[in-house]
Amino acid sequence: MKKGWKRLVSVLAMVMLLIAVIEPVRATTISELQEQKKQNEDQLKDVNKQIDDYKGAQADIGAQIDELDAEMVALLTDISLIEEAIKAKEEEIALTQADYDAAVAVKDEQYESMKIRIQFMYEQGEISYLQLFTESLNISDMINKAEYVEQLYEYDRKLLEEYQATVEEVAMLQDTLEEEKSELQTSQYELEEEQAYMEEVLAEKQEEYENYDIMLAKARQEAAAYTTKIKQETAQIRKLEEEEARRRAEEEARRKAEEEARMQAQAEAGNNGALSTVQNNQSVPVKEKPVAAAGGSAKGQEIANFACQYVGYPYKAGGTSLTEGADCSGFVWAVYKSFGYSLPRSSYAQSGAGTGVSYADAQPGDIIYYGGHVGIYIGNGRIVHASTERTGIKTESATYRSIITVRRII
């Protein structure tokens with residue numbers, strides 16, 4: 001941009017110089033007048049050429065400004081969406097923290113109420129209960145004491161189960177809280193990156209524009225409208241996906257019910273041997289790396305499957321290693337590099353790579369950009385991405401944040 005203005009200033013200076021050197025007419029003869037006229041015409045041609053150059057330079061600068069305007073609106077939109085994501089995450093953290101604190105209070109209360117019973121049970125063991133029987137006066141007394149002992153055991157067991165359930169709830173809430181805080185930290189890192197680049201763009205704008213404040217206000221208005229539209233579209237996508245998930249769950253429940261009914265009918269018909277064989281051949285589920293859903297181009301499918309192999313590997317701010325650690329854009333960059341594709345390094349730059357497609361037409365291998373964050377679509381409404389330091393590379397719903405654009409590289 002600065003080069004464009006320097007060129008413009010240079011052109012204007014040259015035009016002024018050429019105009020200044022056109023000498024007034026001082027000839028006294030016809031031949032001298034003709035010669036002077038020819039010189040002035042040549043100089044005028046030079047001036048006109050310089051004016052044409054100036055117009056060309058002006059058009060180039062206008063195109064650059066228009067491009068920067070679009071970039072500015074996009075960056076403002078990204079920042080707005082990240083800020084909203086941070087705000088929402090902070091609210092989630094506050095709620096989870098309250099639930100966690102309440103669960104800890106319940107745990108401590110339960111522990112205090114049962115501590116004496118547990119301590120007595122473990123310190124005295126079976127001796128105290130044995131004494132109850134040895135000191136019984138008769139069979140009836142022994143039976144009563146046996147029922148009492150059974151009630152004590154049931155009471156102790158119930159206390160322990162309640163306490164254990166609360167401990168598990170506390171651990172789960174603590175894990176959720178730490179994950180939410182990690183997501184917040186990552187969003188703040190993404191926001192800082194977007195803001196740093198935004199400051200560079202604004203600095204260029206401020207140098208080039210006399211009506212900078214008006215232009216900025218207009219860009220903010222456009223970004224606000226665009227942000228609202230993106231949020232509405234994402235909400236609609238989520239609603240449709242939830243309806244589809246509910247339909248699939250109902251279909252699966254119906255299928256299972258029919259299968260159970262069929263198996264029951266076989267059992268009642270005397271097919272116990274066949275049923276036993278089926279049951280004995282059932283294998284224990286083995287946890288495996290997620291695999292991208294089939295669909296789209298073969299190369300895109302291959303890229304999605306390849307990316308899924310790194311689920312569980314670490315997240316690292318600024319990293320580009322698939323095994324040692326990568327951030328969101330570093331992960332996408334490294335995956336595509338493995339297939340010979342050269343992508344920009346930053347998430348914002350990746351949002352302009354390839355060709356834009358609608359989310360409805362997204363295929364495995366496409367890049368989904370969220371504003372400061374990117375992931376690779378793997379099909380069935382899910383992405384694989386470098387999420388946070390706590391969770392590392394993982395799969396997640398593609399609509400977990402507002403989608404800005406889907407880019408097809410293949």
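Residues are numbered from 1 along each chain as its sequence is written, and side-chain values use heavy atoms, with hydrogens and water left out. Because the model is predicted, local features need pLDDT of at least 70 and side-chain atom pairs count only at pLDDT 80 or more, while totals for chains, interfaces and linings use all residues.

Six strands form an open sheet in the order β3-β8-β4-β5-β6-β7, and their pairing is antiparallel. Two strands are taken to pair if DSSP finds at least two bridges between them. The edges of the sheet are β3 (355-357) and β7 (392-397), each of which pairs on one side only. From one strand to the next, the twist averages 40°; axes are lines fitted to C-alpha atoms, for helices over the stretch in contact, and angles run from 0 to 180 degrees between N-to-C directions. Within the sheet, strands β4 (residues 367-369) and β5 (residues 374-379) run antiparallel and are joined by three bridges. Tyr369 has Val374 of β5 as its bridge partner.

Helix α8 (residues 328-337) packs on this sheet and touches β4, β5, β6 (382-388) and β7. The direction of α8 makes about 55° with that of β5. Contact here means heavy atoms within 4.5 Å. Of the 10 residues of α8, eight are buried, and the helix is mostly covered. Buried residues have under 20% relative accessible area, exposed residues over 50%, and partly exposed residues lie in between (1.4 Å probe, protein chains only). The buried residues of α8 are Cys328, Ser329, Gly330, Phe331, Val332, Ala334, Val335 and Tyr336. For Cys328 the relative accessible area is 5%. Another buried cysteine is Cys308, at 0%. The count of disulfides (cysteine sulfur atoms within 2.5 Å) is zero.

A nonpolar core is defined as a set of buried Ala, Val, Leu, Ile, Met, Phe, Trp, Tyr and Cys residues joined through side-chain atoms within 4.5 Å. The largest such core holds 51 residues, of which Met72, Phe331, Val335, Tyr336, Ile376 and Val384 touch the most other members. Two or more residues come from each of α2, α4, α5 (212-268), α7 (298-308), α8, β4, β5 and β6. Helix α2 gives the largest share, nine residues. Beyond residues up to four places away in sequence, Val335 touches Ile303, Phe306, Ala307, Leu322 and Ile376. Another core lies apart from the largest one and has 10 residues, among them Tyr359, Ile368, Tyr377 and Ile383.

Eight aromatic pairs were counted. Rings of Phe, Tyr and Trp (its six-membered ring) pair if their centres lie within 6.5 Å, with planes under 30 degrees apart counted as stacked, over 60 as edge-to-face and the rest as tilted. Tyr111 and Tyr163 make a tilted pair, with 6.0 Å from centre to centre and 40° between the planes. Tyr111 belongs to helix α2 (residues 30-124) and Tyr163 to helix α4, so this pair ties together parts 52 residues apart in sequence. Tyr111 is partly exposed, at 37% relative accessible area. The pair of Tyr359 and Tyr377 is edge-to-face, because the ring centres are 6.0 Å apart and the planes stand at 75°. Tyr359 lies in the loop between β3 and β4 and Tyr377 in strand β5, 18 residues apart. Tyr359 is buried at 14%, and Tyr377 is buried at 8%. Ring pairs also link Phe306, Tyr310, Tyr313 and Phe339 into a cluster.

Two further buried residues were examined. Val406, in strand β8 (residues 405-408), has 1% relative accessibility. The C-alpha atoms of Val406 and Ile368 are separated by 4.5 Å, although the residues are 38 apart along the chain. Apart from neighbours within four places in sequence, Val406 contacts Thr355, Gly356, Val357, Ser358, Tyr359, Ala362, Asp366, Ile367 and Ile368. Thr186, in helix α4 (residues 139-208), is buried at 6% relative accessibility.

Key. Helix = DSSP H or I, 4+ residues; strand = E, 2+ residues; numbered from the N terminus.
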